[in-house]
Amino acid sequence: MVTPLLPYGRQDIDDDDVAAVVAQLRSDWLTQGPTVPAFEAALCEATGAKHAIAVSSGTAALHLACLAAGVRAGDTGVTSTITFVASANAIRYAGGAPSLCDVDPETGLVDLASLDAVVSGLAAAGRAPRVVTSVDLCGSVAPLARVREIAARVGAKVIEDAAHSLGASYDDAGVTRRAGDGAYTDMAILSFHPVKHVTTCEGGAILTNDAGAAEELRDLRSHGITKDPARLGPVDGPWSYEQQRLGFHYRITDVQCALGLSQLKKLPRFVARRRALAARYDAALSSAPLAAAFAPLRVPAGVTSSYHLYVVRVRPRDGEGLVEVAARRLALYGALRERGILPQVHYIPVHRQPDFVACGLSQGDFRGADAYYAGCLSLPMFPAMQDGDVDRVVDALAAFVASGR
Ligand SMILES: *Cc1c(COP(=O)(O)O)cnc(C)c1O
């Protein structure tokens, strides 16, 4: 028997999803029909946000969110260096220059002292950021109340990059808050790429509690065009529409939203399964010999992660530096692949990307990010995984440790 490959993540599509897509294909609407707003309403329900604007990708959502946050040519914005490049690129699409801040190597989340220093430094140079894009890495919600305080001091808006954290929550002085609910942020973005919590193949959304921003985002999603009679000047006829500013074609289709709606119904089950798998990994990694070799990424106190990813960090041995840790992580990556287990690294720090270096966007002190990056490895984590699949990965980790490498 061939051992099935175990990827780090994969979609979970069942017969209900297929039936929902087929029904949509047989209906009158392939795009811009009733299923887009139905999906948006379900996203509001799932997150607690007042408005959801579904778009063609998470990256498109970030771009429009930066525009709605007021980022224009010559402005600055801040995000952390451990993220998918899209979080930083979106600031550039809007004409701004991203500055990167460091992360806490134990959690991968924003290092608040670094964020504070970067924001204050920009403000002191007369270039106060318009936006801080805070990243909920791996499914842990970042310390949003603290991020908000730092951003508010210089009048910056806060975007929560919640691409990893749909379904996550955190305790806020006894109140349970959900990722994307907007309690401390102006907007949040989601991605529906197949490895994320729910999929529309490609797709994304912006969440906000601000009705004005929601209207602006809807216009920007479709060329900056409005058909709202109340917002038109003198009209030629009932067909009238106006392009009132330059927008984009970032629309999502009804077919994609039919899949998304069907997927969202399963979000609680998907997230519960991810948490159960994480608990199984945690238990295995908490005892010798694995505990001495690896440390699971820490989830901050009070946060209930939705585990988009399950990251382990390779621990340094006595006297080892990052070079040795990175070499052992590379060996581990190879050893897992030999057993049909396909781990991944999330992420190569943005400050190391050649394009960011070439554009002068790589300056800063990133000791936390470099330490995180040297040892991090994302192990398989997806809702259809069986307990036995976790055990198979754990056995492979144990064999690696036993090999003495
Ligand atoms: C996936 C992802 C995005 C972008 O999403 P796409 O839908 O692929 O454009 C943005 N930020 C983070 C942190 C992501 O993981």
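A residue counts as buried when its relative accessible area is under 20%. Cys-376, at 1% relative accessibility, therefore falls in the buried class. The model described here is predicted. A search of the whole structure finds 21 salt bridges and 0 disulfides.

- Strand β3 spans residues 76-80 and is mostly covered, with 5 of its 5 residues buried.
- In a regular strand, side chains alternate between the two faces of the sheet.
- On β3, Thr-76, Val-78 and Ser-80 point one way, while Gly-77 and Thr-79 point the other way, and all are buried.
- β3 pairs with strand β4 (residues 97-101) in the parallel sense, over 5 bridges.

**An open sheet of 3 strands**

- Strands in the order β8-β7-β14 make up an open sheet with antiparallel pairing.
- β8 (175-178) and β14 (303-304) are at the edges and have a single partner strand each, so one side of each lacks a neighbour in the sheet.
- Strand β7 (residues 169-172) is joined to β14 by 2 bridges in the antiparallel sense.
- Across this pairing, Ser-169 stands opposite Thr-304 in β14.

**Cysteines**

- A disulfide is a covalent bond between the sulfur atoms of two cysteines.
- The cut-off applied to a pair of cysteine sulfur atoms is within 2.5 Å, and the structure holds 0 disulfides.
- For Cys-66, the closest cysteine sulfur belongs to Cys-101 and is 14 Å away, which is too far for a bond.
- Cys-66 is buried, with 0% relative accessibility.
- For Cys-376, the closest cysteine sulfur is that of Cys-138, at 8.3 Å, and this too is too far for a bond.

**Salt bridges**

- Asp-75 and Arg-130 form a salt bridge in which the closest N and O atoms are 3.0 Å apart.
- Asp-75 lies in the loop between α3 (58-68) and β3, and Arg-130 in the loop between α5 and β5, so this pair ties together parts that are 55 residues apart in sequence.
- Asp-75 is buried at a relative accessible area of 14%, whereas Arg-130 is partly exposed at 40%.
- Arg-298 and Asp-104 meet through their side chains in a salt bridge of 3.7 Å, N to O.
- Arg-298 sits in the loop between β13 (294-296) and β14, and Asp-104 in the loop between β4 and α5, so the pair ties together parts 194 residues apart in sequence.
- Both residues are partly exposed: Arg-298 has a relative accessible area of 40% and Asp-104 one of 24%.
- Asp-370 and Arg-352 form a salt bridge with the closest N and O atoms 2.9 Å apart.
- Asp-370 is in helix α13 (residues 367-375) and Arg-352 in the loop between β16 (341-342) and α12 (354-358), and the two are 18 residues apart.
- Arg-352 counts as partly exposed, at 41% relative accessibility.
- A network of salt bridges links Arg-273, Arg-280, Asp-387 and Asp-391.

**Surface residues**

- Ile-13, Val-18 and Val-22 form a nonpolar patch on the surface, and together they have about 210 Å² of accessible area.
- Ile-13 is located in the loop between β1 (6-7) and α1 (15-26).
- With 41% relative accessibility, Ile-13 is classed as partly exposed.
- Ala-124 belongs to helix α5 (residues 112-124).
- The relative accessibility of Ala-124 is 71%, so this residue counts as exposed.
- Ala-124 and Gly-364 are 240 residues apart along the chain, and their C-alpha atoms are separated by 16 Å.

Definitions and conventions:
Residues numbered from 1 in each chain as written. Predicted model: local features only at pLDDT ≥ 70, side-chain atom pairs only at ≥ 80, totals over all residues. Heavy atoms only, no water. Buried < 20%, exposed > 50% of the residue type's maximum accessible area, 1.4 Å probe, protein only. Helix = DSSP H or I, 4+ residues; strand = E, 2+ residues; numbered from the N terminus. Pairing = 2+ DSSP bridges. Patch = residues over 30% accessible without salt bridge, like charges linked within 9 Å, V, L, I, M, F, W, Y side chains within 5 Å. Areas by Shrake-Rupley, 256 points an atom, 1.4 Å probe, with all protein chains shown as cover. Salt bridge = Lys/Arg side-chain N within 4 Å of Asp/Glu carboxyl O.
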